[in-house]
Amino acid sequence: MLPSKKVVFTGQAINTEMFYPTSRIESKKLRFLYIGRIAPVKNIARAVEALGMLEKSSWSREWSFSIVGGPLLKEDYKYHDFLKDLVRKERFEKKINFLGPKPYSEIPAIMREHDFLINMSQTGSLDKTVLEAMASGLTVLTSTEGYKNVLPERYFLQDGNPYSAAERIKLLSEERRPNLSLRDIVVKNHSLGATIDKITQIIL
């Protein structure tokens, strides 16, 4: 947020009727998700490396990781190839799926099919995908600086290195889902209705 008294925080206008959780039977398999552009700045490889560390440790959870999105710029395509090589190196071809770009209309259903959103981006912006995942009842782990004062501390990873991410994923994997406490944060502060109310109060 800009350091000015003229700036008023209004929220991100998340449609919580479009992004909502569903009750599901607890599964031994933990379904991780990334949604966004495949690019170096997104640090997706750190998530893959963190999962690799967990796979080689005593952590016994079954898991899958869906990567939704695609490259855009020339360097993005190189990073996309690097990620696929990393997945092959770790022998995760059956665990990590590159689903490609998806229309926005399909994103709510995709989120409801998963348990845990990983966002290792350190761009500093308040990525709406994280809020949409929270509204959908997913556990989230993000390194995006904009979420430092939005999320409870355990869901924010300051350095974003693979070892720290692995330890935090292991900790958060024990949470019950859907994560309604994270949804409540969105409903109270970032929902479409809450944003409209704040804008209305400013105008009036």
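**Fold and packing**

The protein chain has 7 helices and 5 strands, where helices (H or I, at least four residues) and strands (E, at least two) are DSSP runs numbered from the N terminus. Along the sequence the pattern reads β-α-β-α-β-α-β-α-β-α-α-α. The model is predicted: local features need pLDDT of at least 70, side-chain atom pairs count only at pLDDT 80 or more, and totals for chains, interfaces and linings use all residues. Residues are numbered from 1 along each chain as its sequence is written, and side-chain values use heavy atoms, with hydrogens and water left out.

Of the 204 residues in the protein chain, 48% are buried; buried means under 20% relative accessible area, exposed over 50%, and partly exposed in between (1.4 Å probe, protein chains only). Among contacts with a separation of 6 or more, 74% are between residues 24 or more positions apart, contact meaning heavy atoms within 4.5 Å.

Beyond its neighbours within four places in sequence, L117 is in contact with L33, Y34, I35, T129, V130, A133, L138, T139, V140 and L141.

The structure holds 4 aromatic pairs; rings of Phe, Tyr and Trp (its six-membered ring) pair if their centres lie within 6.5 Å, and planes under 30 degrees apart count as stacked, over 60 as edge-to-face and the rest as tilted. In one of them, F32 and F116 have ring centres 5.0 Å apart and planes at 50 degrees, so this pair is tilted. F32 belongs to strand β1 (residues 29-35) and F116 to β4, 84 residues apart, so the pair links distant parts of the chain. Both F32 and F116 are buried.

Helix α4 (128-135) has 7 of its 8 residues buried, so it is largely enclosed by the rest of the structure. The buried residues of α4 are T129, V130, L131, E132, A133, M134 and A135, and they pack against β1, α3 (107-112), β4, β5 and α6. In helix α6 (residues 180-189), L182, R183, I185 and V186 are buried. Down the axis of α6 its buried residues fall within an arc of 150 degrees, so they line one face of the helix; the arc is that of the directions from the helix axis to the C-beta atoms. What covers them includes α4 and β5 (139-142).

Helix α1 (residues 44-55) and α2 pack at about 5 degrees, with their axes 10 Å apart. Axes are lines fitted to C-alpha atoms, for helices over the stretch in contact, and angles run from 0 to 180 degrees between N-to-C directions. That makes α1 roughly parallel to α2 (angles under 35 degrees count as roughly parallel, over 145 as roughly antiparallel, 65 to 115 as roughly perpendicular and the rest as oblique). I44, A45, V48 and E49 in α1 meet Y79, F82, L83 and L86 in α2.

G70 lies in the loop between β2 (62-68) and α2 (74-89) and is buried, with a relative accessible area of 16%. Leaving aside neighbours within four places in sequence, G70 is in contact with G36, R37, I38 and P101.
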